[in-house]
Amino acid sequence: MDTGELKRQWVGKTFDTVSFEIEAETMLQFALACGEELPRYTDPEDPDFQAVPNYTSCFHGTRTLPEGFPMNMEESFDGGKCVEWKAPIRAGDTITAQSHLHDVYEKTGRSGGMVFIVHRMQFTNQNQKLVAVVDWKMIRKTG
Amino acid sequence: MILDLHSHSTVSDDGRAKVENYCQWIKRKEIPIDGFVLTEHRLYDDASDYRSLEDQFGLLILKASEVETEYGHVLVFGVTQELQAAFNFSQINLSLATVLEESERCGGIAVPCHPGRPRVGMCAHIGTRGEVEGVRTIETLNGGSRGNENEQAASLAARKGYARIGGSDSHIVSHIGRCATRLHAEVRDMNELVASLKEGGCEAVKLEDRAWIPES
């Protein structure tokens with residue numbers, strides 16, 4: 001497997017686009033599940049009511065990898081998500097998420113070799129304002 | 001002079017610490033350290049400039065790299081553009097001999113790190129790949145080591161007569177300065193650090209009860 005070639009061929013190309021309607025009740029339940037207590041996250045009547053910063057981590061597209069991606073990731077494991085907050089998400093917003101592969105790289109650790117596939121979702125609102133970027137790492141052991 | 005010679009910032013893929021937060025932590029916790037070296041994984045961070053943080057916090061902040069070879073991970077101090085052109089820092093199967101030779105040729109020094117660590121430490125590969133020529137210094141105290149990994153490294157250093165350094169290998173703020181290196185000379189920049197390491201004017205130390213203790 002040549003990760004350099006994978007990177008050249010697959011990184012940076014949008015392969016999935018989905019839209020979500022943002023509802024106050026769902027925002028509230030997510031905030032409470034996170035243990036939030038600030039009114040701007042837990043009180044829909046608060047004038048600054050908005051989604052908690054990591055809210056976009058719960059959204060998924062229609063596919064994990066581009067069609068035809070040559071690496072079998074069925075035996076991969078979840079390397080976690082990194083959420084970069086850009087702007088508030090409000091109740092009633094329409095959020096569009098576009099997915100592309102952001103990076104493919106290898107590393108070695110005490111447990112052996114690994115390939116990292118970084119799936120990036122960029123979230124914009126109905127005003128085309130970027131509200132969040134979520135990087136999801138998928139890790140496959142190679143030895 | 002005490003420097004932590006092995007640390008990672010958010011520039012590394014698995015680093016979770018901002019450099020400013022390292023500085024704040026060192027000052028807040030009064031860690032008796034003069035500075036640290038950012039040894040980012042598989043790259044050299046050309047872009048970042050930490051001079052304002054150095055001035056603000058009174059710390060020396062230097063940049064180096066941690067690359068991956070068939071003998072495990074290696075810290076490279078004194079990275080230049082010429083050295084970056086000599087081999088691909090992002091590859092995980094670099095030749096240790098090449099990293100050692102090219103680093104020397106370009107005025108730097110390569111130091112195998114956490115040599116006692118399974119798979120990514122030099123000790124694990126000497127048995128199958130043979131002894132390594134050209135190593136003069138290894139990291140014998142690593143803040144991320146488990147079990148007897150540091151002891152294995154110290155045994156290797158004793159057997160081969162290597163000079164020794166220490167580093168926290170911190171990826172999160174609270175780990176900075178767990179281990180460090182006492183330099184016999186004052187260093188103000190990377191060139192002076194490389195010169196000090198090449199002279200062997202260094203020893204690995206660990207922080208216990210707010211004092212630096214030589215490795216046992």
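This is a predicted model: local features need pLDDT of at least 70, side-chain atom pairs count only at pLDDT 80 or more; totals for chains, interfaces and linings use all residues.
Let us start with the overall build of chain A. Its secondary structure comes to three helices and five strands, and from the N terminus on the elements run α-β-α-α-β-β-β-β. Taken along the principal axes, the C-alpha atoms of chain A fill a box of roughly 55 × 35 × 20 Å. Of the 143 residues in chain A, 44% are buried. If you take the contacts in chain A between residues at least 6 apart in sequence, 67% of them join residues at least 24 apart.

Two threonines give a closer look at chain A. T56(A) sits in the loop between helix 3 (39-42) and strand 2 (77-85) of chain A. With a relative accessible area of 1%, T56(A) is buried, because the cut-off for that class is under 20%. Leaving aside neighbours within four places in sequence, T56(A) is in contact with V83(A), I89(A), F123(A), A132(A) and V134(A).

T142(A) belongs to the segment after strand 5 (130-141) of chain A. Its relative accessible area is 41%, so T142(A) is partly exposed. A polar atom of the T142(A) side chain lies 3.5 Å from the backbone nitrogen of M114(A).

Now for the place where the two chains meet. Ten residues of chain A are in contact with 14 residues of chain B. The area buried between chain B and chain A is about 1,000 Å², and carbon and sulfur atoms give 42% of it. On the chain B side, D13(B), I92(B) and R119(B) lose the most area to chain A, together 47% of what that side buries.

Across this interface the rule finds three salt bridges, along with ten residue pairs in polar contact. The side of chain B that touches chain A has nine charged, three nonpolar and two polar residues.

Over all chains, the count comes to 24 salt bridges. Here are four of them, with the N to O distance for each.

| Salt bridge | N to O distance |
|---|---|
| K107(A) and D14(B) | 3.2 Å |
| R120(A) and D135(A) | 2.6 Å |
| R42(B) and D13(B) | 2.9 Å |
| R51(B) and D49(B) | 2.5 Å |

R120(A) pairs with D135(A) in a salt bridge with its closest N and O atoms 2.6 Å apart. This pair links distant parts of the chain, as R120(A) is in strand 4 (residues 112-124) of chain A and D135(A) is in strand 5 of chain A, 15 residues apart. Both R120(A) and D135(A) are buried.

In chain B, the side chains of R42(B) and D13(B) meet at 2.9 Å, N to O. R42(B) lies in the loop between strand 2 (35-41) and helix 2 (51-57) of chain B, while D13(B) lies in the loop between strand 1 and helix 1 (19-28) of chain B, so the pair ties together parts that are 29 residues apart in sequence. Both R42(B) and D13(B) are buried.

Salt bridges that share partners join K107(A), D13(B), D14(B), R42(B) and E68(B) into one network.

H6(B) is found in strand 1 (residues 2-7) of chain B and counts as buried at 0% relative accessibility. Setting aside residues up to four places away in sequence, H6(B) touches several residues, including V37(B), E66(B), H114(B) and D169(B). The C-alpha atoms of H6(B) and A64(B) are separated by 8.8 Å, the two being 58 residues apart along the chain.

V74(B) is in strand 4 (residues 72-77) of chain B, and at 1% relative accessibility V74(B) counts as buried. Among the residues V74(B) touches are E66(B), L96(B) and C113(B). Between V74(B) and L96(B), 22 residues apart along the chain, the C-alpha separation is 8.1 Å.

H125(B) lies in helix 5 (residues 123-129) of chain B and is buried, with a relative accessible area of 15%. One of the residues in touch with H125(B) is R119(B).

Conventions: Residues are numbered from 1 along each chain as its sequence is written. Chains are lettered from A and ligands numbered from 1 in the order in which they are written. Side-chain values use heavy atoms; hydrogens and water are left out. Helices (H or I, at least four residues) and strands (E, at least two) are DSSP runs, numbered from the N terminus. Buried means under 20% relative accessible area, exposed over 50%, partly exposed in between (1.4 Å probe, protein chains only). A polar contact is a pair of N or O atoms within 3.5 Å; within protein, one must be able to donate a hydrogen and the other to accept it, and residues adjacent in sequence count only if both atoms are side-chain atoms. Contact means heavy atoms within 4.5 Å. Buried area is the accessible area (1.4 Å probe) that two parts lose on being put together, summed over both. A salt bridge is a side-chain nitrogen of Lys or Arg within 4 Å of a carboxyl oxygen of Asp or Glu. Ala, Val, Leu, Ile, Met, Phe, Trp, Tyr, Cys and Pro count as nonpolar, Asp, Glu, Lys and Arg as charged, and the others, Gly among them, as polar.
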